[in-house]
Amino acid sequence: EPVDFLQRHFCEKMETARSHLAGFLNCGTDDIAFVRNTTYGMNVVARSLALKEGDVILITDLEYGAVLRMWQTVADETGAQIIRVPISLPATSSQEIIATFRKHLDSSVKVMAIPHLAADSALRLPVEQLVMMAREAKVISVIDGAHAPGQLPLDLNSLGADFYVGNCHKWLLSPKGAGFLYAAPHQADHISSPIIGWGTISKGSTALLLENEWQGTSDTSAFLAVSDAINFLAQHDWFQAVVPACTKLLNEASPALLEITKEASLYGSPDLQSPQMASFRLPVGDHSSLHAMLYEQDQIEMPVFSNEHGDFFRVSVQAYNNEQDLNRLIEALPKLL
């Protein structure tokens with residue numbers, strides 16, 4: 001009975017799901033809105049910023065491809081300029097990354113966009129210090145947290161970013177099609193949704209929520225299942241037991257993978273590595289078929305990236321992985337390389 005669900009229960013169920021997610025993220029219930037994924041949420045933020053000619057958008061050279069294209073499009077349309085902060089790989093320390101950002105920060109910078117856990121490199125950026133730097137410089141901070149929820153405990157109130165966008169369908173274990181957009185209270189009424197709908201159907205107090213929660217009839221089941229995913233994490237002591245076990249498994253396999261590639265680790269210190277992901281630089285060569293061959297020959301699903309920093313593969317360890325999975329990869333890679 002979809003009419004009963006949408007007309008009589010939608011608001012209550014969505015508010016319950018948002019409240020549960022807000023508690024998980026430590027932020028206000030009306031400070032977040034569900035979105036289909038991080039790419040969509042980042043677009044909502046970028047399109048809401050009043051950028052003009054001469055404004056500078058500061059991003060890293062580790063930017064996710066779709067988000068980089070988004071910033072380039074926004075810059076072309078507004079006359080703003082993009083400056084890509086170079087991040088060394090291997091990265092030596094958080095202090096080096098902070099110092100590199102500081103060199104590029106001046107009065108022309110209006111936006112600082114930072115990945116929390118960079119997709120290709122799995123590098124964990126020091127977002128707490130970078131957000132503080134942006135706030136002191138009166139620069140809008142936008143954090144791409146696609147891979148963070150479920151890998152890292154998040155406290156968005158304490159972080160203090162202007163905007164934080166994340167996925168629930170990656171490490172938080174919800175169904176595909178569930179992400180969130182957080183806006184700090186002083187930014188929550190400055191969001192312009194790309195879809196103009198009723199704007200009055202949901203119960204809430206911010207433009208962020210009212211303009212984004214109801215955008216016509218759609219399937220909201222992925223959003224509603226986020227509560228169950230959060231409960232599942234709590235029942236299994238996720239951040240106390242599961243994530244550390246995944247980190248241990250990844251760390252134990254890393255020396256063997258580095259021996260295969262004959263390349264240095266990308267992470268100069270443990271705080272630069274994601275808890276459940278690590279990337280490895282590939283030796284010089286043509287690796288365009290590596291992803292397909294690993295899947296077809298060994299039933300291993302592993303992303304392979306090629307960018308200006310070189311060629312990489314990324315190992316992601318989730319609760320269902322075990323030592324045998326990593327050993328299969330360690331045995332398969334030398335044959336293919």
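A residue is called buried when its relative accessible area is under 20%, exposed when over 50%, and partly exposed in between, using a 1.4 Å probe and protein chains only. Keep that in mind for Cys-246, which counts as buried at 4% relative accessibility.

This is a predicted model, in which local features need pLDDT of at least 70 and side-chain atom pairs count only at pLDDT 80 or more, while totals for chains, interfaces and linings use all residues. Residues are numbered from 1 along each chain as its sequence is written, and side-chain values use heavy atoms, with hydrogens and water left out.

Start with the interior. In soluble globular proteins, nonpolar side chains tend to be buried together. A nonpolar core is a set of buried Ala, Val, Leu, Ile, Met, Phe, Trp, Tyr and Cys residues joined through side-chain atoms within 4.5 Å. The largest such core here has 84 residues. Leu-21, Phe-101, Leu-123 and Val-315 touch the most other members. A second, separate core holds 27 residues, including Val-74, Ala-80, Phe-163 and Leu-208.

Take Leu-21 as an example. A contact means heavy atoms within 4.5 Å. Leaving out residues up to four places away in sequence, Leu-21 touches Ile-32, Phe-34, Cys-168, Leu-172, Phe-180, Val-226 and Ile-230.

Now follow Phe-312. This residue lies in strand S10. Helices (H or I, at least four residues) and strands (E, at least two) are DSSP runs, numbered from the N terminus. Phe-312 is buried, because its relative accessibility is 2%. Beyond four places in sequence, the contacts of Phe-312 include Leu-89, Leu-266, Phe-280 and Pro-303. Gly-41 is 271 residues from Phe-312 along the chain, and their C-alpha atoms are separated by 27 Å.

Ser-121 sits in the loop between strand S4 (109-115) and helix H5 (127-136). Is Ser-121 buried or exposed? Ser-121 is buried, with a relative accessible area of 3%. With residues up to four places away not counted, Ser-121 touches Leu-62, Leu-89, Leu-266, Tyr-267 and Ser-279.

Next, the cysteines. A disulfide is a pair of cysteine sulfur atoms within 2.5 Å. The structure holds 0 disulfides. Cys-27 is buried, with a relative accessible area of 10%. Cys-246 is in no disulfide either, and its nearest cysteine sulfur, that of Cys-168, is 19 Å away.

Finally, look at the pockets. On a 1 Å grid over the protein atoms alone, a pocket is an open set of points where a 1.4 Å probe fits, with protein on both sides within 12 Å along at least five of seven lines; lining residues have an atom within 4 Å of a point. The largest pocket has a volume of about 620 Å³. Its lining has 23 residues, and Glu-301, Ser-316, Val-317, Tyr-320 and Asn-321 lie nearest its centre. Strand S10 (310-316) and helix H12 (323-336) each supply at least two lining residues. H12 gives the largest share, 4 residues.

The second largest pocket has a volume of about 280 Å³. It is lined by 16 residues, with Arg-36, Asn-212, Gln-215, Ser-218 and Phe-223 nearest its centre. Strand S1 (32-35) and helix H8 (221-224) each supply at least two residues of this lining.

Conventions: Points joined across faces, edges and corners; volume = space filled by probe spheres on them.
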